[in-house]
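Please keep the sequence and the model in view.

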Amino acid sequence: MRRIKEVRMKLRRLSRREMLENCIVRGALVASAAMTETQLLGFWQQAEQAAPRPTPEEVLGPFFKKNAPNTPTLRAAGDPGIPLKVAGRIVNTKGEAVPDAQVDIWQADHHGRYDVQGYRYRAKLKPGAASRYEVETVMPGHYSDRPAQHIHYLISAPGHKTLITQLYFATDPYFEGDPDRNYTKGGMVSHRDLVRPVLLYEQPGTPRTAVQFDICLERA
Amino acid sequence: MPGKDRVLAPDQRVRQICFIARGELVAGLAADGRVLAWNATTGQQAPAVPTEAGTRLLSFAGDGQVFATGGVPSGPRLRRFGSEAPAREFPALAGEASRLVLSADGSTLALSSRDKAVRVLDVSTGRLRPAVRGGIGGTMAMALSPDGRTLVLADADTNLRAWSTREGELLRVMEDLPVSTFAAAFSPDGKTFVSAGVDRKVSFWDTRTWKLQRQMEGQPEMIAALALSPDGRFLVTGGFDDISSRNPVSILVRAAGSGAVVRRIPSPSAIVDAAFSPDGTCFATTNRGQGISIWDAG
């Protein structure tokens, strides 16, 4: 199974390179002979943005709960844990905004515990036409059964395939400082793309974290 | 059955247990994939039933003499105690099997796989029954009615789906529960379906209307195992603490009708499985540690 995924990954990489080569062939790059590396990178990113890959899937897990509240604030005042802001866009494979998406987000608290009796650290967001979401939460805790920190996502939108996935953190000690090498450890993470870089910053004396996690949905 | 609590097979980790041979033996799946059985009174081990290496799934028919095994690439098998060769070999199914259940009458076998497919086999012909489907999350638990005609799938999307296995018709989607179900069973008369899971409640459903009849509270932990006595009067439940499956939990024996607690037994770690003896006087449980505990039903 994993081998198939690796092959797919290589194919996707190839197709990106092919895309760039196509651009060169069509003269898009030739037009500016003295193009800098930054410009080239920008062009690459633009090409990537124009055709993002569908976000890889993950398992739903046993602790999904229906009917969560539509709130961007998961962290209550005084909650233990490192404050975390997660933001992103919901797009289709052409990079266009997907309106009317519904985004269920749930995670364990700082101590690694899911609230199954109430709705702490659970939200059902409705990003609307802008297709952007943002939540204020804490870095999820570790727990023994699934030792990498993660946030669960269930995203549905009219005309698109429902996506079940999870967000992981490159700063997680589980990846031992090298997510490229260790994301396959323990068979926990389905795809490297789900391990996101974490921005660490300080705000009035408190360490804070932020992660950008864009979601790309396939057409139904 | 002598009415004294005891532990069998203290050096074995056993799952998917069942009383067989009219209650004389307790059988289960050992960690190495063999199906082992012990005398329920003396604890003496009976000859093991050979299985394919890597067997991970086991389900018994009503009397326990016939059982199904699976979770290996070569496909599920139907076996009989006292017989070395499988009674029936079914073709390999696509996808890695995650759960397997044999109906009490031995007529029907249902398998779920990690790719979220569910397949139903007619045991006598070995043919696939019409396709049935769970939800988007994958099957967390499933149960077949005693006659094998109805299959209920509990999905991680928290919904329960009742299917007719002969027609492949979706009878009802039960959307009442906000959280997942981990354990499910039909009453021996087939009139009631019982489910339990994350919400720590036991839910009773009428299998004619598929309406939620009532819910029983009182379990301190999430419920992962449930067993109904053969006369349907008593219910055993056990599960796991939501911080660690190594934390102690309670086993509850309750009257299925009134919910009155008949017995409350402490367990040092999470309960994995439970089964009643055919005469209903005792039941067996396994936990995350080793051994099979036999308890007086109270």
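**Fold, interface and selected residues**

Of the 220 residues in chain A, 41% count as buried, where buried means under 20% relative accessible area, exposed over 50%, and partly exposed in between (1.4 Å probe, protein chains only). This is a predicted model, in which local features need pLDDT of at least 70, side-chain atom pairs count only at pLDDT 80 or more, and totals for chains, interfaces and linings use all residues. Residues are numbered from 1 along each chain as its sequence is written, chains are lettered from A and ligands numbered from 1 in the order in which they are written, and side-chain values use heavy atoms, with hydrogens and water left out.

Reader: Which pattern does chain A follow along the sequence?

Author: Helices (H or I, at least four residues) and strands (E, at least two) are DSSP runs, numbered from the N terminus. The secondary structure of chain A comes to three helices and ten strands. Read along the sequence, the pattern is α-α-β-β-β-β-β-β-α-β-β-β-β.

Reader: Among contacts in chain A between residues at least 6 apart in sequence, what percentage join residues at least 24 apart?

Author: Contact means heavy atoms within 4.5 Å. Among the contacts in chain A between residues at least 6 apart in sequence, the share that joins residues at least 24 apart is 72%.

Reader: What area is buried between chain B and chain A?

Author: The contact takes 20 residues from chain B and 15 residues from chain A. Buried area is the accessible area (1.4 Å probe) that two parts lose on being put together, summed over both. Carbon and sulfur atoms give 58% of the area buried between these chains, which is about 1,400 Å².

Reader: Which residues in chain B lose the most area to chain A?

Author: Three residues of chain B together account for 29% of what that side buries. They are Ile136(B), Pro178(B) and Ile243(B).

Reader: How many residue pairs are in polar contact between chain B and chain A?

Author: A salt bridge is a side-chain nitrogen of Lys or Arg within 4 Å of a carboxyl oxygen of Asp or Glu, and the count between chain B and chain A is zero. A polar contact is a pair of N or O atoms within 3.5 Å; within protein, one must be able to donate a hydrogen and the other to accept it, and residues adjacent in sequence count only if both atoms are side-chain atoms. With both residues at pLDDT 80 or more, the number of pairs in polar contact between the two chains is five.

Reader: With which side chain does the side chain of Arg146(A) make a polar contact?

Author: Arg146(A) lies in the loop between β4 (132-138) and β5 (150-156) of chain A, and counts as buried at 18% relative accessibility. Leaving aside neighbours within four places in sequence, Arg146(A) is in contact with residues including Glu58(A), His152(A) and Tyr168(A). The polar contact, at 2.6 Å, is with the side chain of Gln166(A).

Reader: Where is Arg75(A), which pairs with Glu136(A)?

Author: Glu136(A) forms a salt bridge with Arg75(A), the closest N and O atoms being 3.4 Å apart. The pair links distant parts of the chain, 61 residues apart, with Glu136(A) in strand β4. Arg75(A) is in the loop between α2 (37-50) and β1 (83-92) of chain A.

Reader: How far apart are the closest N and O atoms of Arg263(B) and Asp5(B)?

Author: Arg263(B), in strand β25 (residues 261-267), and Asp5(B), in the segment before β1 (6-8), are 258 residues apart in chain B. Arg263(B) is partly exposed, with a relative accessible area of 22%, and Asp5(B) is likewise partly exposed at 31%. The two form a salt bridge, and their closest N and O atoms are separated by 2.6 Å.

Reader: Is Trp210(B) buried or exposed?

Author: Trp210(B) is placed in the loop between β20 (202-206) and β21 (212-216) of chain B. Phi of Trp210(B) is near 60 degrees, a positive value in a residue other than glycine. At 6% relative accessibility, Trp210(B) counts as buried.
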